[in-house]
Amino acid sequence: MLDATLTMKLRQIVGEKHFRDDKEARVAHSYDGTPMLQSLPDGVIYPGSTDEVSAIMKALSEYGVPVVSRGSGSNLCGGTVPVEGGVVMVMHRMNRLLEVDLENLTATVQPGMITAAFTAHVEALGLFYPPDPSSMKISTIGGNIAECSGGLRGLKYGTTKDYVIGLEAVLASGEVIRTGGKLMKDVAGYDLTKLLVGSEGTLAVITEATLKLVPPPASKKTMLAMFKDLYGAARTVSRIIEMRIIPATLEFMDNPTIRVVDDFAKLGLPLDMEAILLIEQDGDPETVERDIERIREICEAEKADRIDVAETREQAEKLLTARRSAFTALARLRPTTILEDATVPRSRIADMVLRINDIAQKYGVSIATFGHAGDGNLHPTATTDARDKEEIHRVEQAFEEIFEAAIELGGTITGEHGVGLVKAPFLEWKVGPAGIAVMRGIKQVFDPQNLLNPGKMFAKETRKRVVIDRG
Amino acid sequence: MAETNAHTHIQNKPAIDHANPLARTLHAKLDYDQLTNCMRCGFCLPACPTFRETGVEPESPRGRIALMKAVADGLMDPDQAFQDQMNHCLGCRACEPVCPADVKYGQLIEQARDAIEDHAEHSAPVSGLRKLIFKGVFPHRSRLRLLGKSIAFYQKSGLRSLARGSGVMKLLPKSVREMERILPDASGQGVIERLGTVYPAKGEPIARVALFRGCVMDVLFAETNVNTVKLLSEAGFEVVIPREQACCGALHAHAGEMEQARDLARRNLEAFKDAGISYIVSNAGGCGALLVEYDHLLSEDPAYREPAREFSDRVIDVSRLLVERGRLPSFADEEANAANPVTITYQDSCHLRNVMRSSDAPRQLMKQVANVTFTEMCEADRCCGSAGIYNITQPEMAGQVLEHKMENARDTQARYLLTSNPGCLLQMKLGVEKHGNGSPMEVKHVVDFLYERIAGGGTSGKP
């Protein structure tokens, strides 16, 4: 329960309609896209401007009430579940595109704008914003920035962090800071822009972003290579990079994924293949042709069973749709779908796929793997049932071991989903005790009262690295 | 998955002894597997008209499912806000085709409304009206006919002018007044009265099919039913119209009157049982969508489970049957429509698109018509706000949705706006009347437009 005076203050700031503490609003903001997590906030607020956000933060810090800022709540790390109650701040009303600067090739946008709407707008102007998380039809720019979302184009074009060049953000105290700007070079002090990207709402509330736009590629070509040998496919990924070709997209789907996607999207994919690589190259037409031809040769050398080059844009789009629906299509197998994003150096993809299969077998759980193979980012996805406690326990054990395997291979526990709640106990495995101490110090400076998204990123205790039966 | 607080782990359907009687009913009626299948990815949000209008989570399918689950889990009481939220859903089911996990949202919302209706304490007039409409009129053929005749009498006898002139209409709610204005001329003569129960195929018959004539369709749109039969005949189908068929029960199901919906379904299974037909043809997306789900509706009824499955398998929309099996060369006749080139556009019937999954067939047919330019309307796949009787029960939201719809309709500059469902048709007429700014746009059923464009067709459809 929030203090009555605080509630009154919040209502005064945003207006009667935009603060709610009824049960309906609280229940509907108690979850995000992560399975098995739910926790009720005490109130929900929908600010309409930076000034309102600032006033809200001043009021909340005065009363010591935590706040979880969020967009559409589609993240997969429990990043926006209000585990310590408090207020959920939904940024949907701040959804305007403020400016597209055609001289500087930048766009300035409010955080609540849906990413796909933003992309459509800049593409209509003949420009290109490459980050394309699979959730882009629903997720917001602000949410993408908070989580540093990736997507299918990360390999060649980078991820959200590579396109955010300026931010306006409100600190826990209510003070407003501006970082970066319409600048391609800026070394004035620490790079707070990059620090806030991926900070998961634990350092500040982002209220405005300046994004870098690039010219769109002149042409594109998409191909599918199908392998009856899983390791051949994985080796192909490493070989393409080794041959110094950087495709725009280099995606991987294993057999269980292929089956489910085909059932969902009815694409006529070959169901007897162990792995499919979806490869897209863009750029000027000559380079695209040459690269696709060289990739075809590599695929043949690695004994691809079938290689299809999409003839039309329509066909290509269909293939991309297949990959985009992989995560959610898997949800049809079993009620609960747990998707992780262990990431390794891309030369170790084959080893990682192997390890995942072994681990799944060891624990007797069903794991389908797909992902952005070109940047080493795999999505081992367990299909299970939250109501089966014993099986869920085995799934948890399997994922712990998968994280451990990723780190052993020089990788990380999360490539693009964020730490949030679910990977907090493993963060120290990746960054070490000194790394955690530095991060905690940063958090302390930004948010001394620990009001911004508490309970995320830093776990009460780190999971022990030796996997033992925890009973 | 990583360590999380024990209290955040979701439990199995808890055997909660709900103190609240409505909560108990909801707990019993909601399909917990479907509630669990929703993985809260949020992909349904951009497809949902009420979420788009309001931007708030409880007004989305994901939000509504979370609320249902919270009630089933004993996390919240089904208070008035909860009940209002369940009724706020348009039931357009646009969330289903985009749901990767294949959650049967339409079934969940009907289960919720069914439970709410079990405990509803309607005011005496509302309760009387519900009883009159759901029990007293729709299930009874003769009474519907009589209603048709009464409306026709009202419209033609001068009573309408009297009512409109006298100011008595001002006593009615605005939404009902608006509806009265756009109501088409009703008829006491349905399709059987005009064409009999069997209508022969032109040329070698491709198949014998049955027309599902509907209840509202056959009173307010009897001519569309007549045109449907004639169009099917032109395309090579012999058409039978079983006399004993009843209302499909869709309005009942959407309003939470599930038992009555099941009764009507059983009556229809009996009516079509011995008709010796390959298809049951619907020309109303809303009816067709329930007919194809009779198998689900009667899945708990051992005596009717199997017949319901067979029935549902044979249900098809008229456009789809014409495209997939019919011979329809005559409206591609250049000469027939040369003098009358027009631009047309189409508003999807949500239930035709999202439940019967037929969105290409009507478009294919329209594009085949000679001298017609088909212009796709922006967001034609979004609900128009009619949604059964939604525009009467939730006039504010329906009005908002309609206003956006009409902006898109105007942008097409079409002369004809075509639809595939009586509710959408009335709603579109209301839209043209309210937001058309004197535009000459006419709203028609696809079937009527097609039949008029057939060489030698047109006025011959008139009784």
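A salt bridge here is a side-chain nitrogen of Lys or Arg within 4 Å of a carboxyl oxygen of Asp or Glu. This is a predicted model, in which local features need pLDDT of at least 70 and side-chain atom pairs count only at pLDDT 80 or more, while totals for chains, interfaces and linings use all residues. Residues are numbered from 1 along each chain as its sequence is written, chains are lettered from A and ligands numbered from 1 in the order in which they are written, and side-chain values use heavy atoms, with hydrogens and water left out.

**Stop 1: between the chains**

Select B:Asp102 and A:Arg332, which form a salt bridge with their closest N and O atoms 3.9 Å apart. Between chain A and chain B the count is three salt bridges. Now widen the selection to the whole interface: 48 residues of chain A are in contact (heavy atoms within 4.5 Å) with 39 residues of chain B.

**Stop 2: the cores**

Next select B:Val209, B:Leu232, B:Tyr294, B:Leu322 and B:Ile344. These have the most contacts inside the largest nonpolar core, which has 100 residues. A nonpolar core is a set of buried Ala, Val, Leu, Ile, Met, Phe, Trp, Tyr and Cys residues joined through side-chain atoms within 4.5 Å. Buried means under 20% relative accessible area, exposed over 50%, and partly exposed in between (1.4 Å probe, protein chains only). Leaving aside neighbours within four places in sequence, B:Leu232 is in contact with residues including B:Phe237, B:Val281 and B:Leu321. Another core, of 61 residues, lies apart from the largest one; A:Val261, A:Ala310, B:Leu45 and B:Leu108 are among its members.

**Stop 3: salt bridges within a chain**

Over all chains, a search of the whole structure finds 59 salt bridges. Go to A:Glu408 and A:Arg355, whose side chains meet in one of 3.1 Å, N to O. The pair links distant parts of the chain, 53 residues apart: A:Glu408 is in helix α14 of chain A and A:Arg355 in helix α13 (residues 349-363) of chain A. Helices (H or I, at least four residues) are DSSP runs, numbered from the N terminus. A:Glu408 counts as exposed at 52% relative accessibility, and A:Arg355 is partly exposed at 29%.

Move to chain B and select B:Glu59 with B:Arg64. Are these two buried or exposed? B:Glu59 counts as buried at 10% relative accessibility, and B:Arg64 is buried at 1%. Their salt bridge has its closest N and O atoms 3.4 Å apart.

Finish with B:Asp348, B:Arg353, B:Arg363 and B:Glu376, which a network of salt bridges links.

Technical notes. Helix = DSSP H or I, 4+ residues; strand = E, 2+ residues; numbered from the N terminus.
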